[in-house]
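Student: I have a structure to read and some questions about it. Can we go through it together?

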Amino acid sequence: MTVWQADLVKDEIASHVPSGGCDILLIMFVLSAVNPQNMDAFMDHAVKGLKRGGRLLFRDYGRYDMAQLRFKPSRRIQDNLYARQDGTLAYFFDIDELDALFRRHGLVKVKSDTIRRCIRNRKTNMDMHRVWIQSIYEKVEWSVCCHNWF
């Protein structure tokens with residue numbers, strides 16, 4: 001296992017990645033904090049560290065998660081993008097837009113699901129309706145993933 005800290009919007013990761021690339025790339029509750037304008041740059045850097053045949057494991061907030069519905073209108077920056085009080089961003093995804101983003105970066109979907117859970121807060125006696133997107137993508141040869149485009 002290789003672990004390091006980086007800002008994948010602007011940092012190259014080549015010096016951190018083992019020769020030949022990583023087998024697994026875990027992006028868990030990170031991409032939602034990236035400005036949508038920078039998501040392609042983030043994915044460019046991230047996927048460079050994944051070897052061919054390697055898998056991207058992804059989990060993040062889905063559309064209409066309780067957290068999205070609780071944001072005040074004044075916190076909305078654009079559709080599905082909000083600013084938290086601490087200044088960090090919160091973006092809420094749907095499967096189709098993630099699929100398009102990951103395909104643009106040479107990844108093929110293995111599995112993608114919307115996970116919906118109702119969690120009861122016993123202290124406040126409230127139901128919290130949570131929504132997450134959980135996906136597995138695989139990095140393939142360019143000719144394999146794009147041969148149908150030509």
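Student: Is asparagine 80 buried or exposed?

Tutor: Buried means under 20% relative accessible area, exposed over 50%, and partly exposed in between, with a 1.4 Å probe and protein chains only. Asparagine 80 has 15% relative accessibility, so the residue counts as buried.

Student: What kind of model is this, and how are residues numbered?

Tutor: This is a predicted model: local features need pLDDT of at least 70, side-chain atom pairs count only at pLDDT 80 or more, and totals for chains, interfaces and linings use all residues. Side-chain values use heavy atoms, without hydrogens and water, and residues are numbered along each chain as its sequence is written, from 1.

Student: Which residues is asparagine 80 in contact with, leaving aside neighbours within four places in sequence?

Tutor: Contact means heavy atoms within 4.5 Å. Asparagine 80 sits in the loop between E3 and strand E4 (81-83). Helices (H or I, at least four residues) and strands (E, at least two) are DSSP runs, numbered from the N terminus. With those neighbours left aside, the contacts of asparagine 80 are Arg63, Gln68, Ala90, Tyr91 and Phe92.

Student: How do the rings of phenylalanine 71 and phenylalanine 92 pair, and what is the pair called?

Tutor: Rings of Phe, Tyr and Trp (its six-membered ring) pair if their centres lie within 6.5 Å; planes under 30 degrees apart count as stacked, over 60 as edge-to-face and the rest as tilted. The whole structure has 9 aromatic pairs. In this one the centres are 6.3 Å apart and the planes at 70°, so the pair is edge-to-face.

Student: How many residues apart in sequence are the parts that this pair ties together?

Tutor: Phenylalanine 71 is in the loop between helix H2 (66-70) and strand E3 (76-78). Phenylalanine 92 is in the loop between strand E5 (89-91) and H3, so the pair ties together parts that are apart in sequence by 21 residues.

Student: Which residues do ring pairs link into a cluster?

Tutor: Phenylalanine 92 counts as buried, at 1% relative accessibility. Phenylalanine 71 counts as buried too, at 18%. Both belong to the cluster, whose members are Phe29, Tyr61, Phe71, Tyr82 and Phe92.

Student: Why are the buried residues of helix H3 on the same side, and what arc do they cover?

Tutor: In H3 (residues 95-104), the buried residues are Ile95, Leu98, Asp99, Leu101 and Phe102. The arc is taken from the directions from the helix axis to the C-beta atoms. These residues are on the same side of H3 because they cover an arc of only 165°.
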